[in-house]
Amino acid sequence: MEYRRLGKAGLKVSALSLGSWVTFGKQVALRDAKILLRTAYDGGINFFDNAEGYEAGESEKIMGDAIAALGLARDTFSVSSKVFWGGEQPTQLGLNAKHVREACDAALKRLRVDYLDLFFCHRPDIDTPIEETVRAMHNLIQQGKVIYWGTSEWSAQQITEAHAVAQREHLTPPSMEQPEYNLLHRHRVEAEYLPLYQNYGMGTTIWSPLASGLLTGKYNDGVPGDSRLALPGYEWLRKTWDSDAGQQKIAKIRKLTELASQLGISVTHLSLAWCLKNPNVSSVILGASKLTQLEDNLRALDALPQLTTEVMDAIEDIVDNRPPAPQRWGQ
Ligand SMILES: NC(=O)c1ccc[n+]([C@@H]2O[C@H](COP(=O)([O-])OP(=O)(O)OC[C@H]3O[C@@H](n4cnc5c(N)ncnc54)[C@H](OP(=O)(O)O)[C@@H]3O)[C@@H](O)[C@H]2O)c1
């Protein structure tokens with residue numbers, strides 16, 4: 001395993017980490033969650049990602065019970081939660097000071113830990129002033145309940161505002177973002193956030209590196225019955241595959257699959273290794289509903305040497321979605 005700094009923060013996170021969206025509490029119960037976490041940990045993974053919104057807290061409960069049952073030493077791993085979707089009531093949603101505090105306390109109980117290493121604002125909340133959220137996160141840090149706080153899918157402008165408020169009010173600024181990043185979804189990580197890495201040393205723990213499994217190639221000829229896109233409750237995700245835009249993505253993935261096979265690797269490894277090539281990525285969060293998937297994905301680092309300049313160019317030709325480089329005067 002390789003370990004990377006979380007941006008300019010001193011915390012080292014494994015380049016591959018494990019999250020539990022859709023899986024723990026939906027596809028995976030405690031017994032298999034323990035096996036997945038044990039395998040991840042033994043493979044060098046030291047960061048586990050979660051959120052209050054995953055299966056209405058069940059995902060965190062399973063992760064907490066599994067970590068406790070495995071007896072993992074608290075100083076050998078980091079665990080996260082995210083606040084935003086805590087329930088149906090107005091007070092259970094968003095990033096107001098009350099919900100931020102209550103979400104943290106509830107996550108600590110479910111995950112059975114005394115503090116969260118990373119605590120993310122799961123989305124921006126247009127109904128709460130950014131200053132209120134920054135202060136609420138700062139207070140949790142002061143209370144020892146959170147080590148690093150960050151955002152997920154905030155715009156560069158919103159993150160910049162959070163930094164400005166923190167600086168003005170002498171509060172703790174965000175350290176990391178959790179954006180979607182994969183071969184089919186690149187703009188934020190590669191273009192919009194560029195000033196944030198430079199100006200603030202922002203780290204990133206990126207999600208859906210395989211675009212929910214599309215980039216394994218398993219949807220190239222239809223939707224397998226035991227896959228995420230076939231799950232009840234995830235019809236909205238299946239629609240993204242059924243659409244014209246989805247089919248254009250599948251056409252690209254077929255070509256990527258061919259390229260990978262010429263290199264003697266799987267398109268899964270090619271796709272994960274491609275994310276790892278980006279130096280602004282601190283950790284690539286894996287998802288796995290089965291042990292075989294996790295075991296396979298843990299080997300993705302081995303594919304990194306295959307991604308030479310020529311291969312990266314060939315990938316660009318296929319995906320054809322590189323965000324334009326930032327404009328500089330005189331160029
Ligand atoms: N911050 C956010 O808003 C946000 C949003 C989404 C996710 N996340 C985080 O990011 C983590 C990863 O996201 P993700 O689960 O969408 O990642 P992903 O890697 O894009 O998709 C993972 C899914 O793809 C399939 N898969 C993975 N490896 C495979 C393999 N080797 N062969 C065949 N199928 C394979 C499995 O689904 P099936 O077996 O069910 O088909 C697996 O659950 C989440 O757990 C969560 O912690 C954060």
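**Note on strand β7**

1. Strand β7 (residues 146-151) is largely enclosed by the rest of the structure, because five of its six residues are buried (buried: 20 or more other C-beta atoms within 10 Å of the residue's own, with C-beta atoms placed from the backbone). Strands are DSSP runs of E of at least two residues and helices are runs of H or I of at least four, numbered from the N terminus.

2. The model is predicted: local features need pLDDT of at least 70, side-chain atom pairs count only at pLDDT 80 or more, and totals for chains, interfaces and linings use all residues. Residues are numbered from 1 along each chain as its sequence is written.

3. On one pairing, β7 runs parallel to strand β6 (residues 116-121) over five bridges (strands pair if DSSP finds at least two bridges between them). Trp 149 in β7 stands opposite Phe 119.

4. β7 also runs parallel to strand β8 (residues 176-177), joined by two bridges. Gly 150 stands opposite Met 176 in β8, and Thr 151 has Glu 177 as its bridge partner there.

5. Helix α4 (residues 130-142) lies between β6 and β7 in a right-handed β-α-β unit. The crossover from β7 through helix α5 (residues 156-169) to β8 is likewise right-handed (with the strands pointing away from the viewer, the path from the first strand over the helix to the second runs clockwise).

6. β7 belongs to a closed barrel of eight strands, paired in parallel in the order β3-β4-β5-β6-β7-β8-β9-β10.

Note on methods
A residue is buried if 20 or more other C-beta atoms lie within 10 Å of its own, exposed if 12 or fewer, and partly exposed in between; C-beta atoms are placed from the backbone.
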